[in-house]
Amino acid sequence: MGDTDRGHLHFAFLESISRSYISVVNEYRLHGIVGAAILGLILPLVVSSLYVLKKKNKQRAVQINVGGEPGITMRHIKFSSLVEVPWEGATTVAALFEQSCKKHTQRRFLGARKLISREVVDSADGRKFEKLHLGEYRWQTYGVIFDRACNFASGLIKMSHIAERRATIFSDSRAEWFIALQVDM
């Protein structure tokens, strides 16, 4: 008996919804149907087509002439003109490094971890590989790294290194590689 009461209530609810829908259709008739079609179909089409047209008119690629050769570059939306250097006066990577070190002298810059232990591990397929256990990062500031790069450059000069000659470093990956790369000779 409980099921028949539920079914009757469900049917009564659906009947009330259909009556309200029919009364809305009877009240608004053609105007309501046209209004719903405009809001539901035409308005989204108009808005999306305006968006697509706006996107097509944006020009991101710009033709430039660099070193006597034509080329194309992409612009970032934040900048109205081409960015030639990130900071004024920094025309080389070494100059950019020097400026950033002077600007952020006390900030953390380069971190390295001390080797605690090495362990040889056998994998499931029979190969062996070396597993390293490393300590916490020890950070050095921009100022310290700049001083170390200057000291490295001074050492090369003291050893009679000429700017046009190459220097080679043989070592595992180390922070000193990065410091050596900053030397502009």
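Author: The chain has 4 helices and 4 strands, where helices (H or I, at least four residues) and strands (E, at least two) are DSSP runs numbered from the N terminus. This is a predicted model, in which local features need pLDDT of at least 70 and side-chain atom pairs count only at pLDDT 80 or more, while totals for chains, interfaces and linings use all residues. Residues are numbered from 1 along each chain as its sequence is written, and side-chain values use heavy atoms, with hydrogens and water left out.

Reader: In what order do the elements of the chain run from the N terminus?

Author: The chain contains 4 helices and 4 strands. Read from the N terminus on, their order is α-β-β-α-β-β-α-α.

Reader: What percentage of the residues in the chain is buried?

Author: Buried means under 20% relative accessible area, exposed over 50%, and partly exposed in between (1.4 Å probe, protein chains only). The chain has 185 residues, and the buried share of them is 11%.

Reader: Where around helix H3 do its buried residues fall?

Author: Helix H3 covers residues 142-158, and its buried residues are Tyr-142, Gly-143, Ile-145, Ala-149, Ala-153 and Leu-156. Seen down the axis of H3, these residues fall within an arc of 165° (taken from the directions from the helix axis to the C-beta atoms). On the other side of H3, Asn-151 and Lys-158 are exposed. The arc of 165° is the basis for the answer, so the buried residues line one face of the helix.

Reader: Which elements do the buried residues of H2 pack against?

Author: The buried residues of H2 are Phe-97, Ser-100 and Cys-101. They cover an arc of only 100° around the axis, which puts them on the same side of H2. Lys-102 and Lys-103 are exposed on the other side of H2. The packing partners of the buried residues are S3 and H3.

Reader: Which residues does Ser-100 touch, not counting residues up to four places away in sequence?

Author: Ser-100 lies in helix H2 and is buried, with a relative accessible area of 14%. Leaving out residues up to four places away in sequence, Ser-100 touches Trp-87 and Tyr-142.

Reader: Which element supplies the largest share of the lining of the largest pocket?

Author: On a 1 Å grid over the protein atoms alone, a pocket is an open set of points where a 1.4 Å probe fits, with protein on both sides within 12 Å along at least five of seven lines, and lining residues have an atom within 4 Å of a point. About 620 Å³ of space lies in the largest pocket, and of its 17 lining residues the closest to the centre are Ala-112, Arg-113, Lys-114, Ser-173 and Arg-174. S3, S4 and H4 each supply at least two residues of this lining. The largest share, 6 residues, comes from S3.

Reader: Is Asp-172 buried or exposed?

Author: Asp-172 has its place in the loop between H3 and H4. Not counting residues up to four places away in sequence, Asp-172 touches Arg-118 and Trp-177. With a relative accessible area of 55%, Asp-172 is exposed.

Methods:
Expected span 1.5 Å × (residues − 1). Points joined across faces, edges and corners; volume = space filled by probe spheres on them. Contact = heavy atoms within 4.5 Å.
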